[in-house]
Amino acid sequence: MTDGYDDTPFLPGGKWRIHDRDRPVPPIVSPGSFSSQESQGSPPDDAVVLFDGSNLDAWVSVRGGTAGWKLVAGNSMETVRGTGDIRTKREFGSCQLHLEWKAPTAISASGQGRGNSGVFLLGLYEVQILDNFENPTYADGLAGAIYGQFPPLVNACLPPGVWQTFDIVFETPEYESGHLKNPATMTLFHNGVVAHLRQSMQGPTKHRALADYQTAHGPKGPIVLQDHGDPVQFRNIWIRELAAMQAE
């Protein structure tokens with residue numbers, strides 16, 4: 001018999017008592033380890049590893065065929081200008097996504113022309129990647145912005161050439177009979193700092209146009225990394241699928 005009680009009040013709106021001895025306990029997950037600038041950490045043991053530096057087997061080009069990006073030193077991959085975006089072979093819905101990225105140290109432009117890339121959830125909802133260390137641009141295009149919709153709460157950018165982290169919790173939108181029931185939401189930690197907190201999104205990302213949910217889509221899609229022409233590097237990408245957003 002486990003610790004707990006069977007004579008306490010029921011929690012409001014639920015079927016479990018306070019300290020209920022029969023309430024299911026969560027699964028045990030080994031959390032892995034954090035990265036340093038010199039080496040990448042390890043993912044939780046229930047994560048799907050999308051990139052660990054050894055190969056690009058989990059990715060393909062959005063144009064079809066193999067991913068055209070290149071493996072580089074430090075268990076990393078780098079965009080190759082003109083090869084196009086890459087996407088995961090697998091599709092995911094609501095999730096926790098971790099990735100690390102580094103902007104190039106060679107600076108030849110400013111604003112949106114400096115270390116530009118992006119990560120798309122479901123292949124539709126973009127979080128901007130950009131070198132915004134002492135490099136101003138429009139607010140909803142800053143690093144960590146939900147592009148074209150919401151600026152990050154803070155600019156937590158580190159200098160170019162330094163590894164940065166995105167930790168994202170994404171909730172896929174819900175449709176009912178082709179109409180939006182609940183919008184997509186995003187929580188984002190940029191270098192450990194809250195940049196968005198369960199921010200409701202206005203729809204799939206658009207450029208210079210209003211986002212909307214007029215076209216319904218499925219609950220899953222690929223993770224997409226953007227080739228915007230700059231040699232941005234990535235490492236240590238993993239994802240945890242979230243079957244539930246709240247405890248039972």
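User: Why is glutamine 226 called buried?

Analyst: Glutamine 226 has a relative accessibility of 14%, and buried means under 20% relative accessible area, exposed over 50% and partly exposed in between, with a 1.4 Å probe and protein chains only, so glutamine 226 counts as buried. This is a predicted model, in which local features need pLDDT of at least 70, side-chain atom pairs count only at pLDDT 80 or more, and totals for chains, interfaces and linings use all residues. Residues are numbered from 1 along each chain as its sequence is written, and side-chain values use heavy atoms, with hydrogens and water left out.

User: What is glutamine 226 in contact with, leaving aside its neighbours within four places in sequence?

Analyst: With those neighbours set aside, the residues that glutamine 226 contacts (heavy atoms within 4.5 Å) are Trp69, Thr79, Asp85, Asn116, Ser117, Gly118, Phe120 and Glu126.

User: Why does threonine 79 count as buried?

Analyst: The relative accessibility of threonine 79 is 3%, and therefore threonine 79 counts as buried. Leaving aside neighbours within four places in sequence, threonine 79 is in contact with residues including Trp69, Gln226 and Asp230, and a polar atom of the threonine 79 side chain lies 2.4 Å from the backbone oxygen of aspartate 230.

User: What makes cysteine 95 and cysteine 157 buried?

Analyst: Cysteine 95 has a relative accessible area of 1%, so cysteine 95 is buried, and cysteine 157 is at 10% relative accessibility and therefore counts as buried.

User: How many disulfides does a search of the whole structure find?

Analyst: The search finds zero disulfides, a disulfide being a pair of cysteine sulfur atoms within 2.5 Å.

Note on methods
A polar contact is a pair of N or O atoms within 3.5 Å; within protein, one must be able to donate a hydrogen and the other to accept it, and residues adjacent in sequence count only if both atoms are side-chain atoms.
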